Amino acid sequence: MVFRKPPDGGWGWVIVVVSFFTQFLCYGSPLAVGVLYLEWLDAFGEGKGKTAWVGSLANGIGLLASPVCSICVSSFGARPVAIFSGFMVAGGLMMSSFAPNIYFLYVSYGIVVGLGCGLLYTATVTITCQYFDKRRGLALGLISTGSSVGLFIYAALQRELIELYGLDGCLLIVGALSLNILACGSLMRPLESSSSPPPEKTCADKVPDQYFVYHEKEKTVEENISILEKGYIDEKCVNNVPDCKQESILNKNVSSSINVNEKDTYKKKVVEQTNFCKQLAKRKWQLYLTYWKETMVLFKNKVFSALFVAILLFDIGGFPPSLLMEDVARSANISEDDYYMPLISIIGIMTTVGKLILGILADFKWVNTLYLYVTTLLMTGVALFAIPFAKSYLTLAMLSGILGFLTGNWSIFPYVTTKTVGIEKLTHAYGILMFFAGLGNSLGPPIVGWFYDWTQEYDTAFYFSGFCVLLGGFLLLLAALPCWNACTSQSSKLPPNTYSYKVASNA
């Protein structure tokens, strides 16, 4: 289907509002899982690395399944996927309230809730990109703040609900709130096509000519009919040998009595249906081959290849603070009297500010969004190196604010991806990149937790995290240098509508 030109307004603003609340409702609890993490440590008595898998799966499994999520959104549309995913998120949260052990939480909270969040994220980003072009950076920045506002509110809300109703009651109430996703998803009206629908095609025309890859000579009508008759007679001969000859003679008499026109019609139908089934199978196989060929073309783009490495390393090192910062403060023996606001809430509100500011900056023509994204990666690495030196609530709060603001680069990541591969390949490329982001989200917190279990302190863990993020930033910066662009333009041609980053180019 060919969509009409993005309106950059109108119903698009309704899409922005409902996408904001969708991300608010689905990501509020998983991003603020650090509050639940402390309760699960006390309730189940497992190690930090083992318990951290719950939160890391909830935030990573949806991204790991991004290729599948992209296929679902492309096949069924954003609205049905959003409504179905709302049931998944709400059901997973409610099931988690009855968890008897940590392994049950891996499935109910980690996999079910995480997969639902991944489907919702892909649906909201895809439909927003369809409705906006010139204001895409602002629109993506606005909807992505929903998860950050959810982190800010749910961090305090879940702590209050735990004090009033306990951990189980908290999860039941949060799950009930997530049912509002159904109302938001029902408003995600798809963008109409630009022209009137084409005339209905026949069954033979529905299979494109480019998928007709068989070059063998088709059998004649008489050959097809003879094969069918022979198969029928052979089956009778096997089942009843004495009657074989009689059945053959009877078959010939019946065949001779059929009208010639009816027999020709029957023959044509048999051949037509046989050919159609063949071509349909060939088409499906050709689609799979085309998908992998397009994937290989994407990885020939050096910026895209460096981008997937950078997002993997960034999520390995940059995600753990949002999950473990509360435990870092407790490990530093910070008094609760100095606790003016949960550190996770600070990360959440500053992430909102960062997403808005970075999203607005991405719309300026003089701003190169790739270099802006690289800058946030390098600054995040430096902030992670500083965490082991923070021994008071004030310093941890400042670092939490800085990390939260820089984590707002998620708002410009779809923008960078679109400019790198083009809007036509956004769903395909974004699904691949989100898979590696989910891998980083899933591995980061458990790795940091295991470092603590081995060393009984977080210093080594955050040195490792800072190194990962800095490495990813430097690799992406190297791939974006003008000399690489010159080599790329000479060695290979980029696909259509592909954005080539240069120092003097506009984002």
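Tutor: The expected span of a helix is 1.5 Å times one less than its number of residues. This model is predicted, so local features need pLDDT of at least 70 and side-chain atom pairs pLDDT 80 or more. Residues are numbered from 1 along each chain, and side-chain values use heavy atoms.

Student: What span does helix H7 have between its end C-alpha atoms?

Tutor: H7 (residues 136-177) spans only 29 Å, whereas a straight helix of 42 residues would span 62 Å. H7 bends by about 120° at Tyr165, the bend being the angle between axes fitted to the seven residues ending there and the seven starting there.

Student: Why is H5 called roughly antiparallel to H6?

Tutor: Angles over 145 degrees count as roughly antiparallel. The axes of H5 (residues 78-96) and H6 (residues 102-131) cross at roughly 155° and come within 8 Å, which makes H5 roughly antiparallel to H6.

Student: Which kinds of residue make up the contact of H5 with H6?

Tutor: The contact has 18 nonpolar residues, five polar and no charged. Asp, Glu, Lys and Arg count as charged.

Student: What makes Phe451 and Phe464 an aromatic pair, and why is it called tilted?

Tutor: Rings pair if their centres lie within 6.5 Å; planes under 30 degrees apart count as stacked, over 60 as edge-to-face and the rest as tilted. Phe451 and Phe464 are 5.5 Å apart centre to centre, with 45° between the planes, so the pair is tilted.

Conventions:
Helix = DSSP H or I, 4+ residues; strand = E, 2+ residues; numbered from the N terminus. Axes fitted to C-alpha atoms, helices over the stretch in contact; angles between N-to-C directions. Parallel < 35°, antiparallel > 145°, perpendicular 65-115°, else oblique. Phe/Tyr/Trp six-rings, centres within 6.5 Å; stacked < 30°, edge-to-face > 60°.
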